[in-house]
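The following exercises concern packing, pairing and contact in a model of two chains.

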Amino acid sequence: MILEKSEIPLIGAAVAIALASLVVPSWLVFTTTLAISTALVVMGVVMLMRAGLVSFGQGLFYCLGGYAVGLGGRYLGITDALLLVGLGVVVTVGLAMVLGLLVTRYREIFFAMLSLAFSMILYGVLVKSHNLGSTDGFGVVDWTILGFTPGSGESSTRIALLLALVLALGFALFLNRYFKSSLGLACEAIRENEVRVEYMGVSRKQVLYINYVIAAAVGSVGGSMTALAAGHVDPTMAYWTISGEFVFIAILGGTGHIAAPFLAAIIFTLVRTYAVELAPNAWQMILGIVLLLIILFLPKGIWSLFTRKKGVAS
Amino acid sequence: MTVILKTTGLSRYFGAVTAAEDINVTITEGEIVGVIGANGAGKTTFINMVTGYLPPSSGTIDFGGNAIKGLGPRKLMRKGLTRSFQIPQLFLEMPVIDNLAIALAAAENKQFQMIRPVRTPKRLEAAEEILAQMNISQYRNEMVTAMPQGARKLLDIAIAMLGSPRMLLLDEPTSGVSMEEKYALMDTVMEAVRQRGLTVLFVEHDMEIVQRYVTRVLAFASGIVIKDGPVEKVLADEKVQELVTGKPQAPKIEGDAPHES
């Protein structure tokens with residue numbers, strides 16, 4: 001596979017983060033892992049947004065990925081991180097293939113509410129499942145990777161970051177090409193003009209369905225990585241406010257580039273961390289103000305700062 | 001000559017309003033047919049029914065010898081029946097070249113690719129060819145929003161012509177285009193049509209355009225075809241002339257027969 005020019009900075013950034021993880025404090029490694037995992041889910045949200053759909057229920061797939069890791073270790077005895085992530089993808093894709101048949105028939109607020117509804121159903125089921133810890137959730141087993149046991153503590157945190165980086169880079173490279181492919185561009189075309197898409201002989205439903213399933217799979221990987229890094233899963237992963245956060249980050253970054261969700265997720269995580277530190281009772285207000293400023297001054301997201309600069313230069 | 005399109009008793013009602021009634025039209029391959037009539041006469045309803053945009057209330061439609069009533073735009077396009085729109089239906093916030101690249105990818109009639117870029121050398125070459133043919137090459141990298149109305153119309157028609165159609169329905173191709181540009185636009189379109197050997201049915205309000213480019217005219221009034229024949233004969237008809245002068249025609253209301261006093 002020949003690398004595209006736009007892919008080299010992505011690889012460079014991943015290598016830089018990996019190297020930096022060797023020297024930065026453990027808390028920052030952990031925060032970055034969570035941010036990258038979140039960015040994976042946000043990539044799924046961005047995929048849907050490019051097709052004109054806003055999902056307030058991506059937490060469903062995020063939670064499925066997380067619980068697949070938890071349950072796979074607990075009931076199936078799987079400890080390999082890659083297998084656990086894979087299990088999450090299989091389960092999520094299976095569910096998304098069923099739900100996609102219904103939800104991709106809807107647009108705008110109906111799609112948003114329907115996706116939210118499914119996510120909240122999972123939340124309700126998990127809250128009522130006392131053997132799964134109810135609202136407290138449960139701990140994830142100590143995992144291994146390709147036969148190697150990272151152990152606990154710092155070493156595990158750093159290896160989780162490396163795994164998240166590798167998976168995120170893989171998906172970023174895939175989506176970078178996907179967005180320029182006929183299927184990826186057809187999603188944008190559907191957002192722009194469904195009538196013309198149909199008159200070109202393209203099945204809107206099929207395009208949206210495939211896009212929805214891929215977005216779910218990416219979301220699941222984000223959830224699995226969060227579970228592996230945090231060592232714990234609980235039903236709030238499916239709660240609507242978490243899905244709202246993913247939409248928040250997607251708007252924060254914009255849909256202009258594959259790196260935008262990563263940048264936005266890192267900024268979001270840092271802003272939230274410091275906002276909680278500075279104003280424990282008003283951190284949501286700080287986040288709200290940040291989003292307001294972004295919508296007012298950078299309606300196409302933080303990434304538009306780079307494209308705007310490029311436009312001026314050219 | 002081979003019949004390409006045949007409608008029998010084609011009607012469409014919106015509640016008590018008759019938008020089109022008992023339309024019986026036969027079009028043979030290679031014909032260039034104009035559809036005229038005042039606003040609300042049923043021209044666009046007819047085109048919308050034929051192209052699967054609007055389901056007919058009754059009647060049949062045959063295209064190339066096959067019944068196509070009830071088929072959606074996607075299936076009709078695959079059968080070779082395509083259209084352009086009065087308001088061009090384009091992907092406004094995408095570059096012109098990508099509008100064509102997607103249309104070309106769709107025209108290949110294969111499963112869409114996930115990894116391979118839509119801009120393949122073959123598609124770019126084909127896009128350049130059609131842009132040159134439609135005289136809009138200068139807009140290739142522009143967003144559609146940056147194009148003037150005439151150029152948008154040409155792009156809309158260019159997209160409709162991809163994928164080897166047999167028949168093209170044009171809904172008011174010159175509406176919103178300046179007087180100076182109209183003939184150049186139509187010359188470009190008709191040349192492209194001629195090269196592809198397409199059958200064309202186009203709705204038009206400008207009688208000079210109709211006289212210049214078509215051989216046969218269907219004149220619509222109050223949802224029915226009041227005249228069908230050679231262009232000179234139809235346009236010379238008194239009833240049609242009254243129609244052409246633009247006197248508005250009230251839609252027919254079911255069960256509301258005119259009263260003699």
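Two strands pair if DSSP finds at least two bridges between them. Helices (H or I, at least four residues) and strands (E, at least two) are DSSP runs, numbered from the N terminus. This is a predicted model, in which local features need pLDDT of at least 70, side-chain atom pairs count only at pLDDT 80 or more, and totals for chains, interfaces and linings use all residues. Residues are numbered from 1 along each chain as its sequence is written, and chains are lettered from A in the order in which they are written.

**Exercise 1.** Determine in which sense S4(B) and S5(B) run, and how many bridges join them.

Solution. Step one: strand S5 covers residues 66–67 of chain B, and 2 bridges join it to S4(B) in an antiparallel arrangement. Step two: B:Phe63 stands opposite B:Asn66. Step three: the hairpin has 2 residues between the strands, and B:Gly64 there takes a positive phi near 60°. Step four: S4(B), residues 58–63, also pairs with S1(B), residues 3–14, in the antiparallel sense over 5 bridges. In S4(B), B:Thr60 stands opposite B:Thr8.

**Exercise 2.** Classify the packing of H2(A) and H6(A) by angle.

Solution. Step one: H2(A), residues 26–50, packs against H6(A) at an angle of about 25°, and the axes are 9 Å apart. Axes are lines fitted to C-alpha atoms, for helices over the stretch in contact, and angles run from 0 to 180 degrees between N-to-C directions. Step two: H2(A) is therefore roughly parallel to H6(A), the term for angles under 35 degrees. Step three: residues of H2(A), including A:Phe30, A:Ile36 and A:Met43, meet residues of H6(A), among them A:Leu161, A:Leu165 and A:Phe171. Step four: by class, this contact has 13 nonpolar, 5 polar and 2 charged residues. Here Ala, Val, Leu, Ile, Met, Phe, Trp, Tyr, Cys and Pro count as nonpolar, Asp, Glu, Lys and Arg as charged, and the others, Gly among them, as polar.

**Exercise 3.** Describe the side of chain A that touches chain B, and state which helix supplies its largest share.

Solution. Step one: 21 residues of chain A are in contact with 27 residues of chain B, where contact requires C-beta atoms, placed from the backbone, within 7 Å. Step two: H6 (154–178), H7 (182–192) and H8 (194–199) of chain A each supply at least two residues of this side. Step three: H7(A) gives the largest share, 7 residues. Step four: the side divides into 10 nonpolar, 5 polar and 6 charged residues.

Technical notes
Contact = placed C-beta atoms within 7 Å. Parallel < 35°, antiparallel > 145°, perpendicular 65-115°, else oblique.
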